[in-house]
Every structure is written in structure tokens, then in C-alpha cells.
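Welcome, and thanks for taking a look at this structure with us.

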Number of protein chains: 2
Amino acid sequence: MDEVFVLGVGMHRFGKFPEKSIKELGAEAVWASIKDAGVDPHTIEAAYVGNAYAGLTTGQEAIRGQVILRYAGISKIPIVNVENACASGSTAFREAYIAIKAGIYDVVLVLGVEKLFTGNTAKSLRALATATDVELMGRSGVQFTALYAMDIRNYMENYEATPEHLAMVVVKNSYNGSLNPYAQFRKPFTREEVLSSKMIAEPLTLYMCSSMADGAAAAILCSNKIARNHLMKTVRVAGSSLGSGQFQNYLLPPEETSIGRVARLCYEQAGISPSDIEFAEVHDAAAPSEFIQCESLGFCKPGEGFLMVEKGVSNITGRMPINPSGGLTSRGHPVGATGIAQIAEIVWQLRGQAGERQIKKDKSSPKTGLALNTGGRIDNDRAVIAIHILTR
Amino acid sequence: MDEVFVLGVGMHRFGKFPEKSIKELGAEAVWASIKDAGVDPHTIEAAYVGNAYAGLTTGQEAIRGQVILRYAGISKIPIVNVENACASGSTAFREAYIAIKAGIYDVVLVLGVEKLFTGNTAKSLRALATATDVELMGRSGVQFTALYAMDIRNYMENYEATPEHLAMVVVKNSYNGSLNPYAQFRKPFTREEVLSSKMIAEPLTLYMCSSMADGAAAAILCSNKIARNHLMKTVRVAGSSLGSGQFQNYLLPPEETSIGRVARLCYEQAGISPSDIEFAEVHDAAAPSEFIQCESLGFCKPGEGFLMVEKGVSNITGRMPINPSGGLTSRGHPVGATGIAQIAEIVWQLRGQAGERQIKKDKSSPKTGLALNTGGRIDNDRAVIAIHILTR
């Protein structure tokens, strides 16, 4: 079976770009990834495009990927549009990975892109609210931030985490984001600023929540055959797993939660254990979700996720940096682009190209990183959990 | 590399079902395919769902597949939503095929589903019009039937095809559809009825055009490991190819057109030539497109596609039956479901289970069939061309 490599990555900065179309966002990321990979664009055999909401936000419901890539000058190749809510990008990445693994293609482009600032905020909010069963959840009136808040309250009741801890994770991630030129928000916050920002859904304040964003991220994946000619640059996809399952359950040990089970598949595939992971990008759509996810991923003991930030373990200078990019709350969360932006950050960190936010392990760049991207919710189930492990 | 088999197929009849939700349509097809496959539903490891327009027609923009499958009682597994306009179903089928080929899964469910009769025809028509670049084509005001009409006129100017020939293909396909319990339209038309029906875009009359439909089709795919225990029923996926390219070009020989090139890849993969194909389902969104497609697929000489119907070659009793199901114009064209309905028809024909419309080759059911599903258009390019070859 073919091994699969990431040959190049590229992004359009995340943020608010009302003057730019989804085509322009996507094209910039695509060409950055092609340049980074150093491949002749004519060697790209296929493309997978992850996007969640363009049908509702731009009106381009069908063949959105074909339309964007044609604007970027890429046509006449097979293109597949993939949607999996907030995990659309990582799902597209996984489909490209599978196609190369199956021996179908040698060079594949993956694009994740989202356009939410369209001049009609209500329209974008309605689109975002479709990441659940619109008939069931829509009628209940409970929206996503409220659901995250319930999870965090549940966590705080089970463990010793305080509002101070919720603020500390934002302080860490906003500092990381301040060092990331692709981040939507580049202001480092203090604990006081985080705690005194507007209460959205108790205990979550404004600065603890990811917000709307435009943005794009792209990657060029390739087979072993192609990677051989690019030895200096290649990063290997050591594991890829996709799943779904119950949102959170404190009656289960972390490794038996839905994220824990999908992670175990990924560790097994990569032939490693959680202790081999040196850093991770996780899905902090609400910042403190980072605690729970670190526990499910096996980065700490049950109930000790909040101690990682208290003790500085998850800082970029710590033993186990989490969200060195700034994560969803600081780098930003243009839905379909997020999963590939996580991959891009891991690639840059592994290559030692992350600039001021570069993490060091034993005086060189790290060797192994993990990305956790989740999406959607139906009843109490996460609709999508996507995990990738990359190594150099 | 693993071989891939179709273990079961199932459909919800195509047609106008204003009282049924997209969930109900999808669930019926899913359970029919599970029953047909004879598998324990708990052995299904993953699902791919093809749908083009639910975001605009039902409001369920994100995780549409997860929502539909959960209604059908299928959750906690990886699910990927795939969109490729009118070829969404066959693209989902191909992604499942690739995942099994890569050794990722052994049993995968594929669903294609569409809900267009929502009580708001204008909304559905607007959705259908997004199978092109909405900024470019939308502004030109040219819609799909007009584009098909231009292609047919071009064909008629190049060759000897007459309006009579355009009617004959509808007579054939409507007869086939009259024998298909899953077909939207079950009335066989005469040439006179076809030619005297309302002119839509000259030379296309009403009965030459596929219309709006609700419907669903599903398939269970499996690896060799699983297929071994179901030897009596299995149909093998001998070839799968996906591409895009110029719509039609009379300066090129048929095998060098975009469909011709994608077909060649598929023949090469299957290790066969066009003359080994015994019957086919093709993409007759406008009935006479069948002529052009048969030429590109190599079923006849250039410019002789219309003679296949004149001479009865493409009848279900002929040498090379085309669209035994009734095709898009008679079986119906609920966009995301069409590609998998084509696959289902081929599976039934290969197994000798097509009832009154069963085609016979040398007194037994055929051994090899092909499905051509296309989707979307940007400028003069087909956005998607998907071809599958199945054998028993």
C-alpha cells in the first residue's frame, strides 16, 4: 500500500475580507500550496474541495470546488466536493489521502475554503446553524455556543477547573495567534480581558469563543513515488481516522469517549502511542474544549486537561504545545478551511518553518504532530471526528 | 490491491412525493439495499452520501448525510457527504470504491438522494441552476435545457439525425420506463406524442427532457474478503473513472472528447474494449444526448449514434441496449440519486433480476454493463464525468 506525503501547504489569512470572493480566497491558498510544494501544476491529477456553507452564503450550491478551482486556473481534472460541517477540510484531506493510498493518483490538491462575511450576517448565522439536524435542533432553539457552554459547565462540575482556567487557555492561544501572520486575531489577551469580555453563554465569554471568518487553506499530497524526489520537504501522513459518536460522557474513561476511540484507531495505524505525539492542533471552537480533547487524546490523565495550561505544559515552550497556531479562537475558524489550516500548521512546525511560534523539541523542530478536527452535532452525538497524525 | 464488489442495491421509486421528506426517501433506499445485500447493518463501517441540492431545497446545508442516515437508524460510523451536481451519486459510489480499494473498509454504504418537490418549485429551479458558475452563467441567462438544445442542433447539423430520431429515443426509453416499477414516468409514448408535446428549446420538446423528481438509490459495497461469502450475488466493479473536460467538439474524434478520454481510462482499468460492453445506462438529461454519448463511449461509429435507435440496436431486445431502466427522461432524474440508480439497474440486469425489462445475451443475463453519469457545466466544460463498469 502506498505511503502518503504532504508536499506543500498554503493559506489565505483567516479573517474578515468583505471585499474578497470565495474564489479569490481559494485561489490564493491553492497557489501558495503549489509554490510551497514546488510541483508543476500540470502534474496535479485530482482535487478534493472541502466547504460547508457556500450554497447558503454565496448561492453556489453545486460544483463549488470546480468553480473556485477554475478561477484559480485549474480545470479538466477530476474534482470532488466534500462536506462534513466544521470537519469538511480534514475530510477532504482524508479522501485525497485514501485515493493516493489506493494507488489511484500520485499528486492531489486539497482545498478547504469558507466565505462567511458576505454582507449578510443573518444569512451566515443561519448557514452555521445547519451543522445539526435542522428539523430537530432548530426547533429546540439551542445553538452551538450554548451546547459548548453546557459541556464546559459539566466539566467544571466534575473537575476542579475554574473560570480562571478557561481564561488561561485563551491567554495562551491568543499569544500564539499574535505570532501567526495567518491568524484572524493577533492581539494577545490578559486573563482579566478574557473574563471581563461579554458573557455569551455562561461560563463562556466572548473571547473564549471562535467567531465568523473568511479564509482558505490548501495542501498538495503525493505518493511515495513523487515524494522520493522531494526528500527535504516531505511530511508523511502516518495516520488518518474518521468517526462519530457521543459528544461527552463522564461515565466513560477518556479513551472510551468518541474522540478517544477515533484517536486509538489513528495511533494504531501510525504505530505509536499518545506519548509519542509532541504537539497538537485541536478543535477549540470554544477555547476550554481543549481541556476535554487533550484528555480524550491521551495527552494527560482524566480530569487534568486544565492543569496542562495551568502548569504551562501546553505553551509553545512547554512539554506538549497545544494549538501553536492560535487554534480556532485566535487563528480563526472559517469552517471548511479549518481542518487544512491545522494540517498546514503541523507541516510548518515539523519543518521548522513556524517563525516566532516555532516549537522546539530537544533543540530541533518536532517529529510528530496531531490534528483533531470535529464537526456538527445531532442530538448528543458529534457528527464528525477527524484525526490525522503527521511525522517527518 | 483489493477488488471491490456491489453486494446489494435498493431504491425509493423516483417521482413526485410531496408528502415524503428527504429522510424518508433516503431511509427506504438504504434499507432496501441492506436487505438486498443480506448484511447485518452493524457490519457497515462507513457511508458516503451523494446529494446536490438539499442545502437550498430543504435548508439542511451541512451534515445532510448524517441527518438522513440517523433517521434511517445508522449512526456512530464515519460518514462523508459528497457533491458533484448531477454526478453526485456516482461520485459518492466512487469514493466508497476507492476507500475499499485502499483497504480502509470492508463494507460501505452509499446513498444518493434528492428532494426537489418541496412545495416551492421556484426554489428548486434556482437550486438546479447552480450546477454552473452562478456568477458567470447566471448572468448570461442561458439555462441547461437551452444548452442541451444547442448541442443537439449542432449534432443535427453535423450528421443526418432528424426530429424523428429525437422522438424515437424517447419512444424507446419511455417503453423501458413503462416496465420499471421504480420509474417516475410509466407511460410509453408514440413518436407523434413526443413531437407534438410542448416545445421547450428547439429541437427539444417536453417529453425529450428529464424533469424534476424526488428519489433515492443506495448500494452496499464490499471487499473481496466479504464478497467471498456471498458468491451468488456479487457484482464486481471492474472500472471506475472520474474526469471533466470540454462539452462537445466535432473537430475531435469521439474517443478524444472528454467523455471518450474518461471512458478510455475506465476500459483500460477493466482490461476490456467498448465492444465488450453489453449494455449501458447513459446520462440522457435531454434524451438525444444518448446518441452523442454512445459515440464517445465507442458503442458505434462517429455520427452513427442516432442509427442505433433507428435500427433497434439500443432496444432492450437489441444488440446493445441503452438505458434499459428508462434513463433520466423516463426513470427520472432526482439529481444526487441518479448515478446510483444507474448502478442499481446494471446490478439487476447482470443478476437477471430486471423483470419485464430484463435484457438477454445468448439466452442468459449480460455479463458486463457500463454507467455514464455527468454533472454540471462551466463555460463549455462538463464539470464532472463519472464512468463505472460492472461485471458478474
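Predicted model: local features only at pLDDT ≥ 70, side-chain atom pairs only at ≥ 80, totals over all residues.

**Confidence**
- Chain A has an average pLDDT of 95, and 99% of its residues score at least 70.

**Cavities**
- The count comes to 6 cavities of 30 Å³ or more.
- The largest cavity has a volume of about 120 Å³.
- Lining this largest cavity are 15 residues, and the closest to its centre are R64(A) and E83(A) from chain A, with R64(B), V82(B) and E83(B) from chain B.
- Two elements give two or more residues to that lining: strand 3 (79-83) of chain A and strand 3 (79-83) of chain B.
- Sorted by class, the lining of the largest cavity holds 6 charged, 5 nonpolar and 4 polar residues.

**Helix 4 of chain B**
- Helix 4 of chain B runs over residues 88-101, which makes 14 residues.
- From its first C-alpha to its last, helix 4 of chain B reaches 20 Å, close to the 20 Å expected at 1.5 Å a residue.
- Is helix 4 of chain B mostly covered or mostly uncovered? Helix 4 of chain B is mostly covered, with 14 of its 14 residues buried.
- After helix 4 of chain B comes G103(B), which has a positive phi, near 80 degrees.

Note on methods:
Residues numbered from 1 in each chain as written. Chains lettered and ligands numbered in written order. Heavy atoms only, no water. 1 Å grid on protein atoms, 1.4 Å probe; cavity = no way out; pocket = protein on both sides within 12 Å on 5 of 7 lines; lining within 4 Å. Points joined across faces, edges and corners; volume = space filled by probe spheres on them. Helix = DSSP H or I, 4+ residues; strand = E, 2+ residues; numbered from the N terminus. Nonpolar A, V, L, I, M, F, W, Y, C, P; charged D, E, K, R; others polar. Expected span 1.5 Å × (residues − 1). Buried < 20%, exposed > 50% of the residue type's maximum accessible area, 1.4 Å probe, protein only. pLDDT = per-residue confidence, 0-100.
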